[in-house]
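Keep the structure open beside you as you read.

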Amino acid sequence: MSSARNGGRPSGRTSMIEAAERVARRDGPGAVTVEAVIREAGVSRGGLMYHFPSKLDLIRALVEQDVRHLRTALIGDDEPSGATPPSTPAERLRVYLDACAPEPGDRDYAALVAALAEDPDAASAWVQLQRELDQLDIEQSEPGDVRTIVARLALDGLWLSNLIDPDRFTPEQMDRIVTTIWPGPDTTGKSAS
């Protein structure tokens, strides 16, 4: 996930983004402060501020990185990942579920919430990705079939609930909830009801 230089070592900028991500996942989105990232990354304040003049710039970079990785997995993108992106709404939803379904206690994509708390415009990359996914699903589904969009919305609600209360559900309960949101495609290739 990091842009590597010199034999796999991430750049200073990338290391700082990864440090911010670790803080958000471990301690929650509200814990992403300049001081916390400086400590986590082991850099000076000047080093961090050189790449990210404000906390908001750091949060935006973190959100953009998360969205870029998710976009590559769901749609394909400029980054060569070696994997073929999913070609149907059901396949795309399965990738989305695998990438975004929360585990109890997990705080994936916590940076998005941190960005929204600081500045709603910071989530514009996420909004754009969601709109692209909606359009693809509408174009590739039977007319009027919005089940994959509804499933993504339900999963987003589950993810937000887990972010707020990470101990709300056991792993078994979470698995049942995710399976209920999307049982998967049936044998005809059409979405299950």
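Arg152 sits over the face of Tyr96, at 5.9 Å from the ring centre; a charge counts as over a ring if NZ of Lys or CZ of Arg is within 6 Å of the ring centre and within 35 degrees of the ring normal. Before we go on, please note that this is a predicted model, in which local features need pLDDT of at least 70 and side-chain atom pairs count only at pLDDT 80 or more, while totals for chains, interfaces and linings use all residues. Residues are numbered from 1 along each chain as its sequence is written, and side-chain values use heavy atoms, with hydrogens and water left out.

Is Arg152 itself buried or exposed? At 4% relative accessibility, Arg152 counts as buried, where buried means under 20% relative accessible area, exposed over 50%, and partly exposed in between (1.4 Å probe, protein chains only). Arg152 also forms a salt bridge with Asp134, and the closest N and O atoms are 2.7 Å apart. This pair links distant parts of the chain, with Arg152 in helix 8 and Asp134 in helix 7, 18 residues apart. Two terms belong here: a salt bridge is a side-chain nitrogen of Lys or Arg within 4 Å of a carboxyl oxygen of Asp or Glu, and helices (H or I, at least four residues) and strands (E, at least two) are DSSP runs, numbered from the N terminus. Asp134 counts as partly exposed, at 23% relative accessibility.

Arg152 has another salt bridge, with Asp137, at 3.3 Å from N to O. Here Arg152 lies in helix 8 and Asp137 in helix 7, so the pair ties together parts that are 15 residues apart in sequence. Asp137 is buried, at 3% relative accessibility. Which residues does Asp137 touch, leaving aside its neighbours within four places in sequence? They are Pro89, Arg92, Thr148, Ile149 and Arg152, with contact meaning heavy atoms within 4.5 Å.

Pro89 and Arg92 bring us to helix 5, whose buried residues are Pro89, Ala90, Arg92, Leu93, Tyr96, Leu97 and Cys100. These residues cover an arc of only 155 degrees around the axis, which puts them on the same side of helix 5; the arc is that of the directions from the helix axis to the C-beta atoms. An α-helix has 3.6 residues a turn, so residues three or four places apart point the same way. The buried residues of helix 5 pack against helix 4 (55-74), helix 7 (124-140), helix 8 (147-164) and helix 9 (171-181).

How does the length of helix 5 compare with what it should span? At 1.5 Å a residue, its twelve residues (89-100) should span 16 Å, and its end C-alpha atoms are 16 Å apart, which agrees; the expected span is 1.5 Å times one less than the number of residues. Helix 4, with 20 residues, reaches 29 Å from its first C-alpha to its last, close to the 28 Å expected. Helix 4 is followed by Gly76, whose phi is positive, near 90 degrees. In helix 9 we find Val178, which is buried at 13% relative accessibility. The C-alpha atoms of Val178 and Asp98 are separated by 10.0 Å, although the two residues are 80 residues apart along the chain.

Back to the charged side chains: the count comes to ten salt bridges. One of them joins Arg147 and Asp145, at 2.9 Å from N to O. Arg147 is partly exposed, with a relative accessible area of 31%, whereas Asp145 counts as buried at 17%. Salt bridges that share partners also join Arg22, Arg26, Asp27 and Glu40 into one network.

Glu40 is also one of the contacts of Val23, leaving aside neighbours within four places in sequence; the others are Gly28, Ala31, Val32 and Ala36. Val23 lies in helix 1 (residues 12-27) and is buried, with a relative accessible area of 0%. The C-alpha atoms of Val23 and Ala41, 18 residues apart along the chain, are separated by 9.9 Å.

Now for the whole chain. The protein chain holds nine helices and two strands, in the pattern β-β-α-α-α-α-α-α-α-α-α along the sequence. Buried residues make up 40% of its 193 residues. Of the contacts with a separation of 6 or more, 62% are between residues 24 or more positions apart.
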